[in-house]
Amino acid sequence: MPFEIKKAAVLGAGVMGAAIAAHLTNAGIECVLLDIVPPELTDNDKKKGLTKDSPEWRNRFAAGGLANLLKAKPAGFYTKKNASMIRTGNFEDHLKWLAGADWVIEVVIENLKIKQDLFARVEKVISPNCIVTTNTSGIPIKDISANFGPKLKERFLGTHFFNPPRYMKLLEIIPGAETRRDVVDFMVGFCENVLGKGVVICKDVPNFIGNRIGVYDISNAINLMMKKGMRFEDLDAVIGKALGRPGSAVFGTLDLVGLDTGYHVMNNLYAAVPDDEMRELFKPSEFMAKMMEKKWLGNKTKQGFYKKSKDASGKKTKLVLDYNTFEYVPFKSPKFESVSAARRSDDIASSIRTVFNGKDAAAELAREYLCNNFIYAANRVPEICDTIVGIDNAMKWGYNHVLGPFETWDAVGLKESVQAMKKLKLKVPKKIDEMIKGGFESFYAKKKDGVYYYDFGKKNYVKLEENPRIILLPSLKEANRLIKSNLGASLIDTGDGVACLEFHTKMNAVDQDIINMISESCDIVERDFAGMIVGNHAQNFSVGANIFMVLVAVQKGDWDVLDKLISDFQNANMKMKYLSRPVVSAPAGMVLGGGCEMAIHAARVQACGETYMGLVEVGVGVIPAGGGTKELMVRMTEGIPDGAVAAGLNMQQFYAKVFENIGMAKVATSAAEAMELGYLRKTDGISLNRDQQLWDAKQAVLGLARFYRKPKPAMIPVMGENFRGMCDAMLFNMAHGNFISEHDAHIARKLAFILSGGDCAEGTFVTEQEILDLEREAFLSLIGEQKTQDRIMHMLSTGKPLRN
C-alpha cells in the first residue's frame, strides 16, 4: 500500500518536539503533541483547585510546550494560526489518538529504557501502515528497536532534525537493518518535497554524520587554538567567512546554540566512540568545564565566550573571555594578512586557497585545521556514510558551511593539501594515496553529461544523481540556454517553453539594467515562450531599489532622469502584469521595496516559505513608487462584490490595512504571514524546499498557460477625502503623543493622499495609471526633501532607519 502522511503525532513536547510539530503544521500536516503527565500537583495547582483528574494538569507539559512555542524567537510557526492544527494531550489518556496518525515521531529524553517502554505502548495502538521514527541524536536505532515486532521494524527508522527545525535544512534519515526500502524512499521524498529538507542517508553509528564531523571540526579548531597559544577572537577571525564558515565562526556559534548543548554532545560522542582515532579531542577542554560550572553558557545566560557590556560612558562594548585568567577583557578585532587578502577574493574557493597558502599565523592555523578535517572526513567513509556527497551535504545543511569537507579539499587542491599534510607530519589516508596514483586530481569532476564524485569503494568517478525537481540556472547557462543578458539580469530557457528571468546585481537591487531586462524579457516571452518565471538562486530575491543610485541622481539634480527611471520601473511591472503569457515570480529571502513590487506584479507568486516581504520605503522617507501601493490597493479591494461600493460599503477596513502595511513598513516573516498581510493572495503557492522552488514555479507557469487569459485592467474603488480625514485625525494624535515625528506624519499624509485616490469623492473608481501617477509624484516630492536625504544617508552609513 502506498504511504501518505496527512496526520502526524509527536511524542515529547520539549523544545525540539514542539518545534518539529510546528514545522509539520507549516507544511500543512495536522499534529498530535503528547507528553507525560506531571509527577505531582504543585501548591499552585492546588490553589487553582486542580486535581489529578483535571485535564489542565494532566496535559500541562504538552500544553506548555505549545505555549512556549508561540513565544519562541525565532518563531517556529510560519504563522501563529498554525497552532490550531496541533492537538495537545498526554501519554496516559491520549495514546489512542495515534491510531489515526500516518507518522509517529518520538522526541523524548535521550534514555534508552524510556524510549523502549514508550514504543512498546505505541506499537499496540498504531495502524499497520503507520511509519514510526525517532529523533534520537545518539542512541543506536538497533537498540531502540530491539524489542519491536518484525512488522514495526520494517516501518521504523531515525529522522534526526537539526535545531531549529523550521530553519535548519539538514534532516538525517537512519534506516534500521530491517527497514523496508520503500519506507526509506517514501520518507526521503516526503521530507524533501513536503517538509523542504535536505536529506542525507546515514548509517546507524554514534552521532550519525552531521554531529560526528561537526563536533570533530569544532574540537579540532579548539585544540589547535590552545596548542598555538591563540585567543578566542583569533580563532574566530580565521575560521570564519574566509574559510566558508558562518560569520559567527566557532565561539560565536557556541554562544548562539549554548555551550551546554555543545558540551553534552562532545561528552556523549567521547563515550560512544572508544575506537575513534581522534577520540581524545572530543573530551571538552578544562575551560569549557569551568564555564559550565559558572553557567557561562552563551547568549542564553548573557555571557559565554563573548559578553556584551557598557563602558563608563554608557557606550555598548564587546568583551571576550581570556581562558587563562578567566576574566573578560575588551574585544580587539585581530588583523591577519591572509584573511584580509581572502576578503578580496571573487569566490569562496579562491578565498579558502588564499588563506591556506598564506604565510602568517592565520594561514598556519588554517592549514593544519583544514588538513586535519580532510583526513578525518576521509577516514569516516564508509564508516558513517557510503559517499563523500553525504558528508559534504551534512556539513553544508547542518552546520551552514559554504562548502563541505571534500568540496573544500577540492578548493585547496588535492596534491597541494597532501604536500601540506606531509610537511605537518600528518598521516595521509591510504585511500587518498590510491586516488592520486589512479590519476584522480579532485573529488568532484564536471563532465558533459553532469557532475561526478569520487567513490572510494569503486576507486572511480560515479555520476551524481540529478534531481529533476531542481533547476540550476548556472548549469543551464553552461548548456547554452542563455537567451539574453545584461549586467543586471539574464533571461534563460528552462525548457518546455518556460523562460526564467534572473537578477544578478549586488543584493539584486533594482537598477536600470534590471528594469530594461524585465521589459525586454516580456517582449521575448510574448513572442517565443509559453510563460516566464522571475526567480534566482541568491540568498535574497531583491532588497529593493538601488537607493544610492537614486540619491546621486537627486544630488546632481537629474530630476528628468529620476522621473524616467520611476516611470520605466512602473511600466516594466505593468507590462509583466498584463503580458498575454503567464508570469510566476519565485521570491525568497528578503523581498523588500522594489523587490516586493516586482514579485507581486506577476500573475501568480510561488513564494519560498522563508520569504520576508514588505514595502519598506517609508524607512528612508519615501513612498513605494514602482506600483506597490497601487497593487496592495488592488489586492485589498478585488474581493468586494459588484454593487457594494455604490451601495455605500465602508471600505475603511480594507484601506486601513494598506495604510498600516506601508506606513509601518511591515515585513512578513514568512510567506504564510505575507498572505495574512495581503502582499500575497490566498491562491499563490508556497514552496518549503528552496532548491525545488523554481521547478514549482515552472509547474505553475505550465498549469496557467493551458487556459491563460491576461487580466482585465483593474478599476480601484477609493474613499477620497473621507479617508484622508480619518488619517489626519489619527496622525495628529500620534504626533502629539510623540509616537511618530512630524516628518513621519508628513510622509504618512502623502501615502494617505495616494490611497484616497487623490482629489475625488468616496466611491469613485480610479484606474491603475492614476494611482501610479500619484505614487511617482509623491516619491519625487519626498526624495527632494533634505530630511529624506538625511534618512537615506543614515541608512546607507549605518544600515538603520533614522527618525527625524
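Gln789 is buried, with a relative accessible area of 12%, where buried means under 20% relative accessible area, exposed over 50% and partly exposed in between, worked out with a 1.4 Å probe on protein chains only. The place of Gln789 is in helix α33, residues 786-798; helices (H or I, at least four residues) and strands (E, at least two) are DSSP runs, numbered from the N terminus. Leaving out residues up to four places away in sequence, Gln789 touches Leu551, Val554, Ile783 and Gly784, with contact taken as heavy atoms within 4.5 Å.

A quick word on the ground rules. This is a predicted model, in which local features need pLDDT of at least 70 and side-chain atom pairs count only at pLDDT 80 or more, while totals for chains, interfaces and linings use all residues. Residues are numbered from 1 along each chain as its sequence is written, and side-chain values use heavy atoms, with hydrogens and water left out.

Now for the overall layout. The chain splits into domain 1 (7-201), domain 2 (210-301 + 332-432) and domain 3 (473-793), with bounds that come from an automatic or database domain assignment. Between the C-alpha centres of domain 1 and domain 2 there are 32 Å, and the contact takes 10 residues from domain 1 and 10 residues from domain 2.

The inside of the model comes next. The largest nonpolar core has 120 residues; such a core is a set of buried Ala, Val, Leu, Ile, Met, Phe, Trp, Tyr and Cys residues joined through side-chain atoms within 4.5 Å. Val104, Phe232, Phe251, Phe287, Phe406 and Phe443 have the most contacts inside this core. Helix α16 supplies its largest share, 11 residues. Domain 1 and domain 2 both give residues to the core, so it lies between them. Take Phe232 as an example: setting aside neighbours within four places in sequence, Phe232 is in contact with Met225, Phe251, Phe287, Phe305, Tyr306, Val320, Leu321 and Tyr323. Apart from this core lies another, of 92 residues, with Ala499, Cys727, Leu780 and Leu782 among them.

Val591 is another residue to look at. Val591 sits in strand β20, residues 589-592, and at 0% relative accessibility it counts as buried. Not counting residues up to four places away in sequence, Val591 touches Phe541, Ser542, Cys596, Ala599, Thr611, Tyr612, Met613 and Gly614. From Val591 to Ile144 there are 447 residues in sequence and 45 Å in space, C-alpha to C-alpha.

On a 1 Å grid over the protein atoms alone, a cavity is a set of points where a 1.4 Å probe fits but cannot get out, and lining residues have an atom within 4 Å of a point. Grid points are joined across faces, edges and corners, and a volume is the space filled by probe spheres set on the points. The volume of the largest cavity is about 110 Å³. Its lining has 15 residues, of which Ile213, Asp217, Arg245, Asn373 and Pro405 are the closest to the centre. Two or more lining residues come from each of α9 (210-227), α16 (361-379) and α18 (405-412), and α16 gives the largest share, five residues. By class, the lining has nine nonpolar, four polar and two charged residues; here Ala, Val, Leu, Ile, Met, Phe, Trp, Tyr, Cys and Pro count as nonpolar, Asp, Glu, Lys and Arg as charged, and the others, Gly among them, as polar.

Six of the eight residues of α18 are buried, so the helix is largely enclosed by the rest of the structure. The buried ones are Pro405, Phe406, Thr408, Trp409, Ala411 and Val412. After α18 comes Gly413, with a positive phi near 110°.

Finally, a few spots in the backbone stand out. Most residues other than glycine have a negative phi, and most peptide bonds are trans. Ala249, though not a glycine, has a positive phi of about 55°; Ala249 lies in the loop between α10 (232-238) and α11 (251-257) and is buried, at 8% relative accessible area. Asn400, also not a glycine, has a positive phi of about 60°. Asn400 is found in the loop between α17 and α18 and is partly exposed, at 44%. The peptide bond from Lys73 to Pro74 is cis, with omega near 0°, and Pro74 is in the loop between α4 (60-71) and β3 (86-90). Val381 and Pro382 are also joined by a cis peptide bond, with omega about 10°; Pro382 is in the loop between α16 and α17 (388-399).

Note on methods. 1 Å grid on protein atoms, 1.4 Å probe; cavity = no way out; pocket = protein on both sides within 12 Å on 5 of 7 lines; lining within 4 Å.
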